[in-house]
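Good morning, and thank you for coming.

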2 protein chains.
Amino acid sequence: MAEHIRIDGRHAAELPADDRGLAYGDGVFRTLRIESGQPIGWDEHWRRLQHDCAALDIATPGEAEIRADIRALFATRSDGVCKVMVTRGSGGRGYMPPVPAAPRRIVVAHALPAHANAEPLALARSSIELAVQPRLAGIKHLNRLEQVLARSECDARGVADTWMADSQGFIIATTMRNLFFVDANGCWLTPRLTRAGIIGATRQRLWRALAQAGRPVRENDIRLSALIDCRAAIACNSVGGAVAVSHFEGRALPDSHAQAQYAQQLLRQPSAGNTGSDDRKYR
Amino acid sequence: MAEHIRIDGRHAAELPADDRGLAYGDGVFRTLRIESGQPIGWDEHWRRLQHDCAALDIATPGEAEIRADIRALFATRSDGVCKVMVTRGSGGRGYMPPVPAAPRRIVVAHALPAHANAEPLALARSSIELAVQPRLAGIKHLNRLEQVLARSECDARGVADTWMADSQGFIIATTMRNLFFVDANGCWLTPRLTRAGIIGATRQRLWRALAQAGRPVRENDIRLSALIDCRAAIACNSVGGAVAVSHFEGRALPDSHAQAQYAQQLLRQPSAGNTGSDDRKYR
């Protein structure tokens, strides 16, 4: 009995070997930070999960069911990380999805990893370029070999993280974090993720919080050469929030520390979806 | 007890939910045709499996162990399809592979699918373009969402299969078959698979058999416009062997039927690796 895994609402350590998540990566996932038993930024995670399931034509499991899984897994744990996977379930003839499919949800509790409290990141470029696939870009799907290769390279290089470009040379993200850049005028810029990359819930929450705070924010196709006026960069994900990028491709960014602190503060605000009515609804 | 699945050498219906094949598609697979209990073209499948595992830095399971799995699964079945998956196994911190990893092998017996005896194919172009990723091209890895999307589209269109181009416009394959084209001079041409696509064992076996039979064969980057002199096309995979392509993007190919019969005959020859010493070694 695996007390830290629930599959379709039941504690279980194993899943059927014919699951399409295994066979083809035919599914999506989210990684949530849990504090005091509550998922941080649930509203945005739920929105992204619905979006991503719809993009693959997978029926989204019920919100109440997933929240019940999280409550059950974190009843005796105050803090940690929760991974929610939704696969298309079992079966089908080869690549062809079964009709109708019976999606499977797998919810797993983990302890906080070391990178939850990351030091400032000095980011060099990964040798792995992200393939351009507009039909899958933005989706947090289970086809993640590029990230596995890039993380292995980090390990080999002895670095905490690297930044990744797509095969057209545009800056997309780090191996596990979205990126924001801040120029000398205080304008925030984040990579457009319509050809490659993953739209993280924390990226969306930070973007919204910055806009609400009156900061100019936009997304764009960004080449390295466009960062000539860059004063700061932050990297973010749901596990660790906002982290300062001290150096980007060898260039020191003097304001990253201050901007990361500011971003982290914004992400902690009630308006950033941490303690909203939606969370109370499921208590 | 699942009599048709073996995981690491034991009959099992389920696998640990923390398998990296599920989490990231972190693994590879092969699909083999079994006749009279024997895998067709084993030598080439084994060669490709070793190659693909090495490309992802996954230790290849032992050949004798996999052959024993196949024998056990097909002891009471004479014919069918066998899927062999090798994942990096459980664990690791997020995308980062565990060191050392304990790869997991999953071997599954299936009945022959309908497309094992396919009618001639009239192939139109899929709306899904294959992303260009040189680091993963050719490998039969578990990141197969593009093929899932393309197969779903076939179902929606009511067609048996479609051909797929990469995002640079080069012809790569069908959703589940490699392609060969034959021109008016009897020269065979197959798409280069260094940026996208899967190198199938049957493609390799057919290529070798054609060369041994003295036919000119080469691989190249192929655009649709290069097929102006094309007289025949065949599509092949390990389940169904060689199938005639009656039409390619609306163009009738008069010699496909004859060339498919010839290709199928070559694939049945002992020299094509069906009944070689390697197979006997494991009887």
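Let us begin with α5(B) and α6(B), which are roughly perpendicular to each other, because their axes cross at roughly 95° and angles of 65 to 115 degrees count as roughly perpendicular. The axes of α5 (residues 201–212) and α6 (residues 256–267) of chain B come within 9 Å; they are lines fitted to C-alpha atoms over the stretch in contact, with angles running from 0 to 180 degrees between N-to-C directions. Helices here are DSSP runs of H or I of at least four residues, and strands are E runs of at least two, numbered from the N terminus.

On α5(B), the contact is made by B:Thr202, B:Arg205, B:Leu206, B:Ala209 and B:Leu210; on α6(B), by B:Ala263, B:Leu266 and B:Leu267. Contact requires C-beta atoms, placed from the backbone, within 7 Å.

A word on the source: this is a predicted model, in which local features need pLDDT of at least 70 and side-chain atom pairs count only at pLDDT 80 or more, while totals for chains, interfaces and linings use all residues. Residues are numbered from 1 along each chain as its sequence is written, with chains lettered from A and ligands numbered from 1 in the order in which they are written.

Turning to the two chains, 42 residues of chain B are in contact with 43 residues of chain A. On the chain B side, α4(B) gives the most, with seven residues. Strand β3 (residues 14–16) of chain A and β3(B) run antiparallel, joined by three bridges; pairing requires at least two DSSP bridges. Within this pairing, A:Leu15 stands opposite B:Leu15.

Definitions and conventions: Angles under 35 degrees count as roughly parallel, over 145 as roughly antiparallel, 65 to 115 as roughly perpendicular and the rest as oblique.
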